[in-house]
Amino acid sequence: MAQERGFLGRRGLAATERICGTTHGVTNALRNGEVDIALTAPEGSIADAEAGGPLRVVAGLTDRPPLSMIALSRHHTFEDLRGGRIGTSSLTEGTRHVAERMLAAHGLTYPADYDFALEGSHVQRWKALQAGTIDAALQMIPYDAMAVEAGFTDLGPVAEEFALNAVCVRLPAERAELTPFLQALAEAAEWFRGHIEESAAIAAQRTSIEPRHALRACQALAADGVIPRDLRPSPGALAAVTAALRSSGPDPAGGARTL
């Protein structure tokens, strides 16, 4: 929306996109200087900062993940996933942590009760579900609805706060570019909330998703608590991320450092 509606252009900026396939790939691209700004899971940048690295989290994009656990049609409950393979976009960031917390809430622990399969983004996870190579995966809206229409089982949405996506940079970041970029992104997010149908039309044009699915996705994304106001992540969403990191990787005791 920031690009299409001119919020970036009015600030003298233009953005080109690079899709890296996995959240780990995005974090590496940022660390290696292949991209200037990463819109991705914040865990890699938080852990990097705690280890003395140059990555930083500077804004939030998602406080409540718009995800649902989608399973093969033969699975009807979370218990049915015991011994199964759960598709994820990373083994150290993002959907891995959200899925692990969700499964733990239903009595399943990793690695005793299931295994993770690195599949990539929600598009790749959808393909893996269709191929039957995984038992379940968290699916972004509207892929959850598309899956249900195709006969897959929706075991339920993510209900808790978790900073699934954030704006991350590599120091030294150029403030003359970063500040107007964040301003444009925040303005676009606010515009999006008031222009759902127009946003859905843009989304449908930019993807292969049917207009009706794009509209449903935009309606869900515009709901309170999903995208943080002014791109300021809630303390609870960030706390959930650091708690996940403590339980599965390096201890980010100091939390995320920002510019």
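Reader: Hey, which residues form one aromatic cluster here?
Author: That would be Tyr110, Tyr114 and Phe116. Keep in mind that this is a predicted model.

Reader: Good to know. How many aromatic pairs does the count come to?
Author: The count comes to 5 aromatic pairs. One of them is Tyr110 with Tyr114, a tilted pair with 5.7 Å centre to centre and 40° between the planes.

Reader: And what about the rings of Tyr110 and Phe116, how far apart are their centres?
Author: The centres of Tyr110 and Phe116 are 4.9 Å apart. Their planes sit at 45°, so this pair is tilted.

Reader: Why does 45° make the pair tilted?
Author: Because stacked needs planes under 30 degrees apart and edge-to-face needs over 60, and the rest count as tilted. The 45° of Tyr110 and Phe116 falls in that remaining range.

Reader: Is Tyr114 buried or exposed?
Author: Tyr114 is buried, at a relative accessible area of 3%. Phe116 is buried as well, with 7%. Tyr110 is partly exposed, and its value is 31%.

Reader: Ok, switching to the strands. In what order do they form the open sheet?
Author: The order is S1-S8-S2, so to speak reading across the 3 strands, and the pairing is antiparallel.

Reader: Which ones are the edge strands?
Author: S1 (37-40) and S2, since each of them pairs on one side only. On average, and ignoring direction, neighbouring strands of this sheet are turned by 25° against each other.

Reader: How many bridges join S2 to S8?
Author: There are 6 bridges between S2 and S8 (residues 165-170), and the two strands run antiparallel. If you want a spot to look at, find Ala59, whose bridge partner in S8 is Val167.

Reader: And over how many bridges do S1 and S8 pair?
Author: S1 and S8 pair over 4 bridges, again in the antiparallel sense. Here you can look for Thr40, which has Ala166 in S8 as its bridge partner.

Reader: Which strands does helix H1 touch?
Author: Helix H1 (residues 23-31) packs on the sheet and touches S1, S2 and S8. The direction of H1 makes about 165° with that of S1.

Reader: Where does helix H2 lie?
Author: H2 (residues 43-50) lies across S2 and S8, and it runs at about 155° to S2.

Reader: New topic: at what angle do helix H6 and helix H7 pack?
Author: H6 (residues 175-194) and H7 (residues 196-206) pack at about 110°, and their axes are 5 Å apart. The two helices are therefore roughly perpendicular to each other.

Reader: Which residues make the contact?
Author: From H6, Trp191, Phe192, Arg193 and Gly194 take part, and from H7, Ile196, Glu198 and Ser199. The residues of this contact divide into 3 nonpolar, 2 polar and 2 charged.

Reader: Last one: which helix does Gln183 lie in?
Author: Gln183 lies in H6. This residue is partly exposed, with a relative accessible area of 42%.

Reader: And how are the C-alpha atoms of Gln183 and Arg11 separated?
Author: They are separated by 9.0 Å, while Gln183 and Arg11 are 172 residues apart along the chain.

Notes:
Residues numbered from 1 in each chain as written. Predicted model: local features only at pLDDT ≥ 70, side-chain atom pairs only at ≥ 80, totals over all residues. Heavy atoms only, no water. Phe/Tyr/Trp six-rings, centres within 6.5 Å; stacked < 30°, edge-to-face > 60°. Buried < 20%, exposed > 50% of the residue type's maximum accessible area, 1.4 Å probe, protein only. Axes fitted to C-alpha atoms, helices over the stretch in contact; angles between N-to-C directions. Parallel < 35°, antiparallel > 145°, perpendicular 65-115°, else oblique. Contact = heavy atoms within 4.5 Å. Nonpolar A, V, L, I, M, F, W, Y, C, P; charged D, E, K, R; others polar.
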